[in-house]
Amino acid sequence: MTLEDPLLRGLRQQISDLAAKVRLPTIYGTKDFVEAGGLISYGVDRREVHRRTAEFIDKILKGAKPADIPVEQPTKFELIINLKTAKVLGLTVPSTLLALADEVIE
């Protein structure tokens, strides 16, 4: 598992390639790692976070005091599974997990 970090995100292809080379199942916090060949990602839905951020900015620009706006935590998470990578690693992903996935890369 990797952390959310700009440096690691920039190295996602190399990290995914190395994990595949040593046949290491991986889980990441962002979808772009899975698109680069990682096995699974589970993390916040970035589109939802950006949408909520825009709503906060809108409120502030309309005169709301930032201190009066309640702090929120993400409530929407997404599960992405790369079946191509699972096959390369010789793993079978349970159908129950596939049914929960927001996206499956085949």
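Me: Which residues line the second largest cavity?

Reply: This is a predicted model, where local features need pLDDT of at least 70, side-chain atom pairs count only at pLDDT 80 or more, and totals for chains, interfaces and linings use all residues. Residues are numbered from 1 along each chain as its sequence is written, and side-chain values use heavy atoms, without hydrogens and water. A cavity is a set of points, on a 1 Å grid over the protein atoms alone, where a 1.4 Å probe fits but cannot get out, and lining residues have an atom within 4 Å of a point. The second largest cavity is lined by Ser-16, Ala-19, Ala-20, Leu-24, Thr-26, Tyr-28, Gly-37, Gly-38, Leu-39, Thr-85 and Leu-89.

Me: How much space lies in the second largest cavity?

Reply: Grid points are joined across faces, edges and corners, and a volume is the space filled by probe spheres set on the points. For the second largest cavity, this space is about 40 Å³.

Me: Which helix gives the most to the lining of the second largest cavity?

Reply: Helices are DSSP runs (H or I, at least four residues), as strands are (E, at least two), numbered from the N terminus. Both α2 (12-21) and α5 (83-89) supply at least two residues of this lining. The most, 3 residues, comes from α2.

Me: How many charged residues has the lining of the second largest cavity?

Reply: Asp, Glu, Lys and Arg count as charged; Ala, Val, Leu, Ile, Met, Phe, Trp, Tyr, Cys and Pro as nonpolar; and the others, Gly among them, as polar. The lining has 6 nonpolar and 5 polar residues, and the charged residues number no residues: none.

Notes
1 Å grid on protein atoms, 1.4 Å probe; cavity = no way out; pocket = protein on both sides within 12 Å on 5 of 7 lines; lining within 4 Å.
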